[in-house]
Amino acid sequence: MLGRRPLPANDDGRLLIAGNWKMNKTYTQAVNLAQEISDRARREWASVADVVLIPPFTALRGVSNVIAFDRSFLRVGAQDCSPHQQGAFTGQISVDMLTDLDCAYCIVGHSERRGLLGETDADVAAKAAALEAAGVTPIVCVGEDREVYDRGATVEHVVAQVAGSLGGVDISTGGIAVAYEPIWAIGTGLVAAPDHAQRVARAIRERLASMYGDQQARRARVLYGGSVKPGNVAAFIACPDIDGALVGGASLKADDFCSIVTNACDAARA
Ligand code: PGA
């Protein structure tokens, strides 16, 4: 049987709630936001969820210092990485540079990078492979635009993205998270209906099972992203194949982000 295992949480049953700060917050603002979140973080989250702050590269050290100083269970992640190890790649950031700053997760293939920078599934797969080689969990983003959604072709589109974005990638070291983020729901205030998101999440897990076997597919975390707010997160977490959320705009306010985590943990325990 596919689907999330019931709590008590182990690696297979834990939620993943990640806040993608995108290109927001200067170093100082990011440190302040991380501190506010750390101050409000609740111990009981830790038994249910992995909670990850994903600031811009420039703030990774500051945010990881806050987490280390507070001895917090919060984790830090990055928004992108280079597929290359080192060398003449001006402006790029290697996986080694990220692990040196305690990054345990890294987003790859966000629709803003696919759309604005022309990243392909093959580019995403190369980055995911570099992360896996270092034991970092890739958060691979997939999702359809409005036209594909309106045609009813979401599942085929997303499943093809999963296959292409993980083609040939061994996920046994870092594990894997796949974030289903309908492009039309990102930053728009529109959200997918939970039953639609569940259908897509199930198809993602089945595709992972055919690529990696049932055990790895069960361990994979399938997230929903796109206008996640404190008031709607529980409905997604209640879906059997949705194991967490990738939160954009609402992760920039400590109160909203902490309410999302609390509500998600309550929904997972229910
Ligand atoms: P949003 O962004 O929550 O602001 O819609 C989600 C994302 O892009 O990861």
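Modeller: Lys127 counts as buried, at 7% relative accessibility (buried means under 20% relative accessible area, exposed over 50%, partly exposed in between, with a 1.4 Å probe and protein chains only). The model is predicted, and local features therefore need pLDDT of at least 70 and side-chain atom pairs pLDDT 80 or more, while totals for chains, interfaces and linings use all residues. Residues are numbered from 1 along each chain as its sequence is written, and side-chain values use heavy atoms, with hydrogens and water left out.

Lys127 belongs to helix H5, which covers residues 121-133 (helices are DSSP runs of H or I with at least four residues, strands are runs of E with at least two, and both are numbered from the N terminus). A polar atom of the Lys127 side chain lies 3.5 Å from the backbone oxygen of Cys81. This pair is a polar contact (a pair of N or O atoms within 3.5 Å; within protein, one must be able to donate a hydrogen and the other to accept it, and residues adjacent in sequence count only if both atoms are side-chain atoms).

Ser227 is likewise a residue that counts as buried, because its relative accessible area is 10%. Ser227 sits in the loop that runs between strand E7 (221-225) and helix H10 (233-237). Its side chain has a polar atom 3.4 Å from the backbone oxygen of Leu190.

How many residues surround the ligand? The shell holds 13 residues, and the closest are Lys22, His110, Glu181, Gly187 and Ser227 (a residue is near a molecule if one of its heavy atoms lies within 4 Å of it). By residue class, the shell consists of 4 nonpolar, 7 polar and 2 charged residues (Ala, Val, Leu, Ile, Met, Phe, Trp, Tyr, Cys and Pro count as nonpolar, Asp, Glu, Lys and Arg as charged, and the others, Gly among them, as polar). Glu181 places a polar side-chain atom 2.6 Å from an oxygen atom of the ligand. Gly248 contributes from its backbone, where an N or O atom lies 2.8 Å from an oxygen atom of the ligand. Of the 280 Å² that the ligand exposes when taken alone, the protein buries 97% (accessible areas by the Shrake-Rupley method with a 1.4 Å probe; for residues, only the protein chains shown count as cover).

Arg71, in the loop between helix H2 (60-69) and strand E3 (75-78), is exposed, with a relative accessible area of 72%. The phi angle of Arg71 is near 50 degrees, a positive value in a residue other than glycine. Asp102 also has a positive phi without being glycine, near 70 degrees. Asp102 occupies the loop between helix H3 (95-99) and strand E4 (103-108), and it counts as partly exposed because its relative accessibility is 42%. Arg151 lies in the loop that joins helix H6 (146-150) to helix H7 (154-165), and with a relative accessible area of 54% Arg151 is exposed. From C-alpha to C-alpha, Arg151 is 38 Å in space from Val76, and the two are 75 residues apart in sequence.
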